[in-house]
Amino acid sequence: MMACVATIAGAREANVFASGLRVVSTEGDIYYVAYTLNATAQEIEINLYKDGELARTIDVVGPLEKGEIVSSIDVSGLSGEFTWSVKVTGEAWGESETATLVVDKNNTPTLEGYMSPRGIAIDQDTESEFYGRIYVTETRNSARNVGIYVYDAAFNDVTGQGTTAYGGNVAWGASSGCTRIFLNKDGKIYLCDWSDAHPGVWRADANDLTGDFVPVFGGTPDENGLRFNADGIAIAGSIPACWVEGTGENTVLYTFDEDYINENGNTQGLYQYNIGNLEQPWEQAPSAILFDNPDKTHQNGNSMIIPQNGGWWISQTRWTDGAAIPSLVYVKNNEILFNSGAIDPEMLLRSYSSAICLFDEGTKLAVSCYDNIKIFDVTFDEAGVPSLSEVMNITPALGQNCYSMAVDAAHNLYLAVDRLNANSTGNVGVFALPVAENVCETMAPSTQNITVGGAAPVAGDVNGDGEVTGSDVTALYNHILFGQDTEIFNGDQNGDGEVTGSDVTAVYNIILGL
């Protein structure tokens, strides 16, 4: 076991990676590409691949500090379609160094401090145009509104929202609304409301966070937080955590539900809803019951769920771990195959407030243990029974009330820690975890592939859709005024190497036929 004592923020930077990879403009054989560094990169390589084979490496002079970077790629002598990546190397770790606090957002003036952050998630789909973005949910701070706050990987306000949350015009519960968050690969964001007055799950669109969030469940809740349809059939209750798999018509939602009463008369189970495209709110009973809490091991109501190997890890808030009401279980086919309190009550001791996170392709599990994060190696025997072996212990860990955790591709651990009482505040922070090599390579989305020797970009076509319309002008304005680059492909219309108001004029002239 490696015991870790958190060091002061700023002693080192986060483990580095690149995100937001995109082509911003072209000039002959030169492609200009942009990307965001979450920390200082000592070395940067841009790699071009053709049919999976490395075709060219461009070395970028470093070190470069965190933030948005624009680099050039010379494609002279090449032809065909190329994928590309940004490979970065950060500060090396010393043998005696341990996990280090590298981001502490508790007293950030521009954010006015978090009151009750309970959800945190990182977009880790490299095919997403929002790869690397950080999503934080504020649960009950009326001064800053309840909803989602979005940052790029360097914790910049990437959407220009300021101190106003994206709330989706939803009447979130007063004490536990907009609790935990799940990002699906289709760009949909799922948000849990754990309150009795406003229970359920809502869905947002990462492409339009200013729009209304969509309720997943219909029906009307009773005084205990259980929703019923018009025929009196129970649908769902207060939900502290959810998980989603599949996209489109194959979308499946999984929930841990505090209030739904299953066939055995038990609450606090794990349920499946085959919601598909969600053309209308779901108004039926669950599609399947995966864990009906047969031994009443779950009684707190505040739980998280993570699937693995055909089963599910289910945590719950406990002051003292025990066999009868354990901090952590692994269930499969409605059977508990791992019970932390039965194996060793000292393994976790306590789990406050039930945050868990799998990473390293499921070989590592992080568990919050009251101002203390324990990280375990995860192994399974031939019968599919898991075992945990502690490899790291991070303390202190930003506070006692950790609701959510996430680990990015570079091995940085993100925490959302709610306030412990009315006299305290919540916190959001990041710990860099020790790595053998502080190196990370990020592939650009396939929508940003570079084609050499094909048709030249259409003059005036800023967003790359093959047409010259008002949307190209809008894309330029969004870039110039707000720094939004997601729709910029060929912004430098006048060839001066910059994207300015003169490029807007150039596009207008093309549209007007001048």
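A residue is called buried when its relative accessible area is under 20%, exposed when it is over 50%, and partly exposed in between (1.4 Å probe, protein chains only). The structure is a predicted model, in which local features need pLDDT of at least 70 and side-chain atom pairs count only at pLDDT 80 or more, while totals for chains, interfaces and linings use all residues. Residues are numbered from 1 along each chain as its sequence is written, and side-chain values use heavy atoms, with hydrogens and water left out.

In soluble globular proteins, nonpolar side chains tend to be buried together. A nonpolar core here is a set of buried Ala, Val, Leu, Ile, Met, Phe, Trp, Tyr and Cys residues joined through side-chain atoms within 4.5 Å. The largest such core has 51 residues, and Tyr-35, Ile-46, Leu-48, Ile-73, Trp-84, Val-86 and Ile-450 have the most contacts inside it.

The aromatic rings come next. Rings of Phe, Tyr and Trp (its six-membered ring) pair if their centres lie within 6.5 Å; planes under 30 degrees apart count as stacked, over 60 as edge-to-face and the rest as tilted. By this rule there are 14 aromatic pairs. Phe-17 lies in the loop between strands E1 (2–5) and E2 (18–27) and Tyr-131 in the loop between strands E9 (117–122) and E10 (134–138), so the pair ties together parts 114 residues apart in sequence. Strands (E, at least two residues) and helices (H or I, at least four) are DSSP runs numbered from the N terminus. Phe-17 is buried, at 1% relative accessible area, and Tyr-131 is buried at 9%.

Phe-217 and Tyr-273 have ring centres 4.8 Å apart and planes at 65 degrees, so this pair is edge-to-face. Phe-217 lies in the loop between strands E15 (214–215) and E16 (220–221), and Tyr-273 in strand E20 (residues 269–273), so the pair ties together parts 56 residues apart in sequence. Phe-217 is buried at 4% and Tyr-273 at 0%. Elsewhere, ring pairs link Trp-313, Tyr-330, Phe-338 and Phe-380 into a cluster.

Charges also sit over rings, a term that requires NZ of Lys or CZ of Arg within 6 Å of the ring centre and within 35 degrees of the ring normal. Arg-12 lies over the face of Trp-93, 3.8 Å from the ring centre. The charged end of Arg-350 sits over the ring of Tyr-370, 5.7 Å from its centre.
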